[in-house]
Every structure is written in C-alpha cells, then in structure tokens.
Amino acid sequence: MPCRAELPGTAGQHNPARFCHVPRPTRSQAYTHSLEAEHHVFINLETEKFYCITEGYKIEDPSLYDIRNVFNPRFSKEEIQQIDKNNLWSRALDGSNYIPGMVGLNNINLETDFINIAIQSLMRVTRLRDFFLILENYQLFKSPIVHRFGELTRKIWHARNYKGHVSPHEFLQAVKTCKKWCQICQHSNPVEFMSRLLNKLHKGLIGTSKKNTTTTSSIIHECFQGKLEVAKEIINPDNTTTETCRMPFLMFGLDLPPPPLFKDVMEKNIIPQVA
C-alpha cells in the first residue's frame, strides 16, 4: 500500500505525500521517510500515478486502483441516478459495513461537531449533492472551499471507502485558510457556519470578484435562494398606491410559535398545533 508520510507538525493527520510530483525527489521528506521506514511506494496526488520513490520508476498495478478510488472517488451520471434507489449496505476495505451517504464524520479535537451538522444537512439536498458528485462541474474553479467540499461530498457517497466513516480534515483546513471566518478550534453556531459556507461556495462558483463575474447564479442560489415580497403603501392626498418589490435571501429567520397549552395523556409531551 502506498505510504502516507507524516510531516513535521502534522503527526496523526496522515496526509499523503503531496510533494511527490516527480520520480525520486532525493531531497524531499518523502524520500527520506521511504529510506528510514522502508515505505517505497508513493502516489502523486495530481496525476494519481504510483511510483517507487527510492528506485525512481512508475508502478502499473491494478491492485492499487482501490487506493486511487478511495483518494479521489468519481461518479458517472448513471451511478448518480441510482443513488437514491440503492439502499444496500457497502463493505469498506477495512471490513466495516456502511450505507453510502449515511456515514459518520470524524469530530476533530472534539470541537468540530457543529461543522459536521452543517455538512450532514447539506448532504440531504439532492440537487446540491448531484452537482458536487460530478468533478467536471467545478474542476476549473480555483476556490479551495469548492474543491474540498466537492471532495468530501464524493467521499461521503462513495460505495468503496477505506473505512465506514469519513474524515473532513482537508475540508477543515480549507475553511481555516479563509480570513475572518470562524475558528475551527472553537464551538460555533451550525446555522451561522452554514450561512457562511453557502456564501463562500456561491462566490467560489461564480468568481471571487463581482467585477469579474460573468454570471450571478450558481447551484447554491438555485437550491437555496428564495424571494421575499415586500409591499410598500404610499399614501397620497388623492389616492393610495402600493409598490411591491422582491428581495432575495438564502436564509430567513422566523419567530417560533408559542408553545401550545395542551399536552398528551402522559402530560409530558406537548401536542403540536398548526393555526
């Protein structure tokens, strides 16, 4: 199995050797690690090709394709059409069973559960999910958030994962690079995080600057944007006119209704009522 080198300062994260861009980089940390630990096979994460880094030759072995599929899952349109129809359990490479799309996310340092809540909620939006399952839909965009969110989406719905759960580590690293955003190491409101995430994804899918934007619509607005109709009454001496306008929004807060007075026979659970 190709080695995943641990770099200084990243112990326990098991990041693949992204610096292995050419065969036999004798001054890289990957080359040093391969000699010290006798881990000789590395994968170039840009070309997805395998190399014996100590000898400097490319490896062509079909037994390694499962690793490539775990690293960068791909979906065809036919597979996406069958996702909601297939409720069968899948077996991960480590022997655990799971249902694609219904997998747990690692809670990094026990402080990222609010992020996992937002991600799991977005995974239930069919149109958003189908868009990010096809890499070609966004591979030309430069936003790290877009690419990491798409990668995480594909791993959550992949039927041949390495384990029965998925780590959002790389997505969290992309979030951490965004300035003026929430600190990952601190708890935050899932709704606030989701609002910021949707705006980041939208900007990443249309361009980083409004001046350079050729389109103002994205899959985010197609799935989540609503319009609020606001009526303004203008009173004139002779007559009264009404002007209406529509204001777009992604999230719209509403006041909760007052709790009902009636309870069930056990006098514990309130009976929901709709006025």
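**Overview of the chain**

Modeller: Of the 275 residues of the protein chain, 35% count as buried, where buried means under 20% relative accessible area, exposed over 50%, and partly exposed in between (1.4 Å probe, protein chains only). This is a predicted model, in which local features need pLDDT of at least 70 and side-chain atom pairs count only at pLDDT 80 or more, while totals for chains, interfaces and linings use all residues. Residues are numbered from 1 along each chain as its sequence is written, and side-chain values use heavy atoms, with hydrogens and water left out.

Colleague: How many helices and strands does the protein chain have?

Modeller: Helices (H or I, at least four residues) and strands (E, at least two) are DSSP runs, numbered from the N terminus. On that basis the protein chain has nine helices and nine strands.

Colleague: What percentage of the contacts with a separation of 6 or more comes from residues 24 or more positions apart?

Modeller: Contact means heavy atoms within 4.5 Å. Among contacts in the protein chain with a separation of 6 or more, the share from residues 24 or more positions apart is 51%.

Colleague: Which residues of the largest nonpolar core touch the most other members?

Modeller: A nonpolar core is a set of buried Ala, Val, Leu, Ile, Met, Phe, Trp, Tyr and Cys residues joined through side-chain atoms within 4.5 Å. The largest one has 40 residues, and those that touch the most other members are Phe132, Phe149, Ile156 and Phe171.

Colleague: Which element gives the largest share of this core?

Modeller: Two or more residues each come from helix 4, helix 5, helix 6, helix 7, helix 8 and helix 9. The largest share is six residues, and it comes from helix 8.

Colleague: Which residues are in contact with Phe171, leaving aside its neighbours within four places in sequence?

Modeller: Phe171 is one of the core residues that touch the most other members. With neighbours within four places in sequence left aside, its contacts are Ile115, Ile119, Arg148, Phe149, Leu152, Phe193 and Leu197.

Colleague: What covers the buried residues of helix 4?

Modeller: Helix 4 spans residues 113-122, and its buried residues are Phe114, Ile115, Asn116, Ala118, Ile119 and Leu122. Their cover includes strand 6 (104-105), helix 5 (126-133), helix 6 (144-156), helix 7 (169-176), helix 8 (190-206) and helix 9 (219-224).

Colleague: Is Ser34 buried or exposed?

Modeller: Ser34 is found in helix 1 (residues 29-37). Leaving aside neighbours within four places in sequence, Ser34 is in contact with His39, His40, Phe42, Ile53 and Thr54. Because its relative accessibility is 0%, Ser34 counts as buried.

Colleague: How many disulfides does the structure hold?

Modeller: A disulfide is a covalent bond between the sulfur atoms of two cysteines. Here the term is applied to a pair of cysteine sulfur atoms within 2.5 Å. Cys52 is buried at 8% relative accessible area, and Cys245 is partly exposed at 41%. The number of disulfides in the structure is zero.

Colleague: Which residues are linked with Arg129 in a network of salt bridges?

Modeller: Asp130 forms a salt bridge with Arg129, with the closest N and O atoms 2.9 Å apart. Arg129 counts as buried at 4% relative accessibility, whereas Asp130 is partly exposed at 23%. The network joins Arg129 with Asp84 and Asp130.

Colleague: Are Glu151 and Lys155 buried or exposed?

Modeller: The two form a salt bridge, with the closest N and O atoms 3.1 Å apart. Glu151 and Lys155 both lie in helix 6, four residues apart, about one turn of the helix. An α-helix has 3.6 residues a turn, so residues three or four places apart point the same way. Both Glu151 and Lys155 are buried.

How values were computed: Salt bridge = Lys/Arg side-chain N within 4 Å of Asp/Glu carboxyl O.
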